[in-house]
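Subject: Handover of a model

Hello,

Please find the structure below. My notes on what turned up follow it.

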Amino acid sequence: MVYRKKLVTGATVQVKGDDIQKLSTTSPLSALQSQTPGVNITQGSGQPGEDFKVTVRGLGTIGDSAPLYVIDGIAGGDINVLNPSDIESIDVLKDAASAAIYGARAANGVILVTTRQGKSGKPQLSYDGYVGWQNIYRMPSTLNAQEYIAVMDEIAYNMGYDKIDWSSQIPDYLYQRILDGSWTGTNWMEEIRNKNALTQNHAINLVGGQEYSKYSVGFSYASQEGILGKPVEPEFERYTGRINTEYNVIKSGDRDILKIGQNLTYSYTEKNRYWCR
């Protein structure tokens, strides 16, 4: 089923694939966060590769509030397996009038995704990629060892407990170093910090075709490291392959009588997550 915005009179938002690529993200939904008014897109956590929760014009049900994804005319696809470089455009149907064609499944809105299609002409090979490094903008302030002892002593006093005998819990040589300030303790937030966490995305696309046949082939690789969790920081890797073809079997003048084609996408993802208990 082909969607044409000119046939819709309801509320819609369209984002071009070129605009998504400019934001240099590993997920199409991450790129949509700043470009789709009326659509709330939040990530479950800050870990690389974490899925997004999408609500269109607010929460409409206490059950599954996710919108319907239609990828290249096929309903029920997973947008998370796509690389931003594979997308030609994304259309968000936000109200009942524009989404009515999809029936009850469109109760929470519809997100239409069109991947890159073939074009008539000479083969065109393109590359899109970036490499970046991520760091924490501001680290949280933590107590040093001497401040921690003072705070715990104050807590014990306010709760009516006996004063903590730190000399019985900490070796004497270390306790004396804490008291005179020669040892401030270990800043564990700094220890697990992964400085200059690498993030990258590389995509190669080949498009071309003739009057009766068109093709679009793409391969992409994306990876991202977490900024916390060292030495076992979370990591995300995704390999994506895509083949889109279109053949005009029977054509009369400017009218296509019989057209066949295929849209195939393969995605392999690996996630190494960091669990905090």
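Start with a loop: D72 sits between strand 4 (68–71) and strand 5. Its phi is near 50°, a positive value in a residue other than glycine. Helices (H or I, at least four residues) and strands (E, at least two) are DSSP runs, numbered from the N terminus.

This is a predicted model, in which local features need pLDDT of at least 70, side-chain atom pairs count only at pLDDT 80 or more, and totals for chains, interfaces and linings use all residues. Residues are numbered from 1 along each chain as its sequence is written, and side-chain values use heavy atoms, with hydrogens and water left out.

Other backbone points

N196 also has a positive phi, about 55°, and is not a glycine. N196 lies in the loop between helix 6 (188–191) and strand 9. The K230 to P231 peptide bond is cis, with omega near 10°. P231 is found in the loop between strand 10 and strand 11.

Two strands count as paired if DSSP finds at least two bridges between them. Strand 1 and strand 6 (residues 87–93) run antiparallel and are joined by 5 bridges. Within strand 6, I90 is the residue opposite V15.

- Strand 8 and strand 9 (residues 197–209) are antiparallel, with 12 bridges. Q134 faces A197 in strand 9.
- Strand 9 and strand 10 (residues 213–225) are antiparallel, with 11 bridges. V207 has S216 in strand 10 as its bridge partner. A hairpin of 3 residues joins strand 9 to strand 10.
- Strand 11 (residues 235–252) and strand 12 are antiparallel, with 17 bridges. I250 has L258 in strand 12 as its bridge partner.

Helix packing

How do helix 4 and helix 5 pack, by angle and axis distance? Helix 4 (residues 145–158) meets helix 5 (residues 172–180) at about 95°, with the axes 8 Å apart. The two helices are therefore roughly perpendicular to each other. Axes are lines fitted to C-alpha atoms, for helices over the stretch in contact, and angles run from 0 to 180 degrees between N-to-C directions. Under 35 degrees counts as roughly parallel, over 145 as roughly antiparallel, 65 to 115 as roughly perpendicular and the rest as oblique.

Helix 4 makes this contact (heavy atoms within 4.5 Å) through A145, Q146 and I149, and helix 5 through Y175, I178, L179 and D180. By class, the contact has 5 nonpolar, 1 polar and 1 charged residues. Ala, Val, Leu, Ile, Met, Phe, Trp, Tyr, Cys and Pro count as nonpolar, Asp, Glu, Lys and Arg as charged, and the others, Gly among them, as polar.

On a 1 Å grid over the protein atoms alone, a cavity is a set of points where a 1.4 Å probe fits but cannot get out; a pocket is an open set with protein on both sides within 12 Å along at least five of seven lines; lining residues have an atom within 4 Å of a point.

The whole structure holds 1 cavity of 30 Å³ or more. The volume of the largest cavity is about 30 Å³. Its lining is I20, Q21, S24, T25, P84, S85, D128, Y130 and N201. Helix 1 (17–22) and strand 8 are the elements that give two or more residues to this lining. The classes are 3 nonpolar, 5 polar and 1 charged.

The second largest pocket holds about 380 Å³. It has 23 lining residues, and T26, S27, Q43, G49 and Q224 lie nearest its centre. Strand 8, strand 11 and strand 12 are the elements giving two or more residues to that lining. By class, the pocket lining has 5 nonpolar, 14 polar and 4 charged residues.

Best wishes

Technical notes. Points joined across faces, edges and corners; volume = space filled by probe spheres on them.
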